[in-house]
Amino acid sequence: MGTSGPGSNDLKTADEPACITSIVDTVAKTVPKLRTAFETHRSYEGEANPSGEEMLAADVYADELLESRLGKLACVGTYASEERADPVWIGSGLSVAVDPLDGSSNLSSNNGVGTIVGVYDGGLPASGRDLIGAMYVLYGPTTTAMVATRDGVTEYLLTQGEREVLTPSVSLPETGTVYGFGGPVPEWSGAFRRYSMSVQRRLKRRYGGALVADVNQVLSHGGVFAYPRLETRPSGKLRLQFEANPIAFIVEQAGGLSYQGERSVLDTEPERLHQRTPLFVGSPEPLAELIETLGGATTDPTVTTRESPWD
Ligand code: FDP
């Protein structure tokens, strides 16, 4: 780093932990307003986000609120989100990549939704190896935050803008008890279907359709979450910068593994801000089996590489 302009970071390494703390506190203080918006901003905006998905008023509200609050922090230099085409360059400092309202289609059925924040020491799009911290908020019956730094993972209970430690050192068990796999089964590759059959014999299915809520099940009980590439989505569904990298960072810091079909998600070459990726995360044992089963899956003949309507 050290160049001026977008992507520069003149923060001293020693200041980075303080920056992560202020980002976490800012998000925690914003949570009460975000929760209220789930009740007041339920209509569709009539516009699509850069990934072609229809935005709810709550998506837009959450994005604008987080941009205005995180953008005021002196250590934040760039704000990017799933809801806007380009990053907002504020000055020198760290880059935050935000999914303001993850799983927003769950609002209509009153199921879990979340907020994801990745803190990158580098211009966007950045490698997952440039993450120095990541967090998500889960809006469930209670509101919790999972915060990862290079020192480990802590779970907090958020109440009225304040946070209290729930689990000081989150650690994934070797095997665990739950699995959650996204996408239509007929569109999975043959290798992933075989893996799924094997997992179903040992683990309980838990899939709710919001990444944060589904990954939180895995972090709570151990197991595996997957959103594989599909016939009609050969690049997968989830966004690398805003979803997959921060989640992979949290899971790996908790002692788990991540994979995208060839390597750790964090080693994916970043090409575009809104690029998608297959995502597999979880406990070491089910992930090791997955990596073995999917080895060479990129040439699996059951997966076509026809143009996706979503990319
Ligand atoms: P959503 O479309 O509701 O915003 O990437 C977004 C996401 O939800 C993830 O949170 C979730 O894991 C996934 O998509 C759900 O996809 P399916 O509807 O295909 O299950």
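Modeller: Before we turn to the record, note that UniProt positions are given here in the numbering of this structure, that feature names are shortened, and that annotations may be inferred rather than shown by experiment. The structure itself is a predicted model.

Colleague: At which residues does UniProt place the feature "binding site"?

Modeller: The feature comes from an unreviewed UniProt entry. Among the residues it lists, Gly103 is found in the loop between β5 (94–102) and β6 (113–120), and Ser104 lies in the loop between β5 and β6 as well.

Colleague: Is Ser104 buried or exposed?

Modeller: Leaving aside neighbours within four places in sequence, Ser104 is in contact with Leu56, Asp59 and Val113. Residues with under 20% relative accessible area count as buried. Because the relative accessible area of Ser104 is 16%, this residue is buried.

Colleague: Which residues does Gly103 touch, not counting those up to four places away in sequence?

Modeller: With a relative accessible area of 15%, Gly103 is buried. Not counting residues up to four places away in sequence, Gly103 touches Gly112, Val113, Gly209 and Ala210.

Colleague: Which residues are joined with Arg239 into one network of salt bridges?

Modeller: Arg239 meets Glu53 in a salt bridge at 3.2 Å, N to O, and the two are 186 residues apart, with Glu53 in the loop between β1 (44–48) and β2 (54–56) and Arg239 in strand β14 (residues 238–239). Arg239 also forms a salt bridge with Glu82, where the closest N and O atoms are 3.5 Å apart, and here too distant parts of the chain are linked, since Glu82 is in the loop between β3 (76–81) and β4 (88–89), 157 residues from Arg239. Glu82 counts as buried at 5% relative accessibility, and Arg239 is buried with a relative accessible area of 3%. Through shared partners, the residues joined with Arg239 into one network are Glu53, Glu82, Glu243 and Arg276.

Colleague: How many residues apart in sequence are the parts that Glu162 and Lys29 tie together?

Modeller: The structure holds eleven salt bridges, and one of them is formed where the side chains of Glu162 and Lys29 meet at 3.2 Å, N to O. Because Glu162 lies in strand β10 (residues 162–167) and Lys29 in helix α1 (residues 16–40), the distance in sequence between the parts they tie together is 133 residues.

Colleague: How many of the residues of helix α5 are buried?

Modeller: Helix α5 spans residues 240–253 and is mostly covered. Its buried residues include Leu240, Phe242, Glu243, Ile247 and Val251, while the helix is followed by Gly255, whose phi is positive, near 95°. Of the 14 residues in α5, the number that are buried is twelve.

Colleague: Which strands are at the edges of the open sheet of five strands?

Modeller: The sheet has mixed pairing and the order β12-β11-β13-β17-β15. At one end, two bridges join strand β11 (residues 178–181) to β12, and these run parallel, with Lys204 in β12 as the bridge partner of Val178. Each edge strand pairs on one side only, and the edge strands are β12 (204–205) and β15 (257–259).

Colleague: What angle does helix α4 make with β13?

Modeller: Helix α4 (residues 211–221) lies across β11, β13 (223–227) and β17 (279–282). Helix α6 (residues 284–294) also packs on the sheet, touching β13, β15 and β17, and its direction makes about 25° with that of β15. For α4 and β13, the angle is about 160°.

Methods: Residues numbered from 1 in each chain as written. Predicted model: local features only at pLDDT ≥ 70, side-chain atom pairs only at ≥ 80, totals over all residues. Heavy atoms only, no water. Buried < 20%, exposed > 50% of the residue type's maximum accessible area, 1.4 Å probe, protein only. Helix = DSSP H or I, 4+ residues; strand = E, 2+ residues; numbered from the N terminus. Pairing = 2+ DSSP bridges. Contact = heavy atoms within 4.5 Å. Axes fitted to C-alpha atoms, helices over the stretch in contact; angles between N-to-C directions. Salt bridge = Lys/Arg side-chain N within 4 Å of Asp/Glu carboxyl O.
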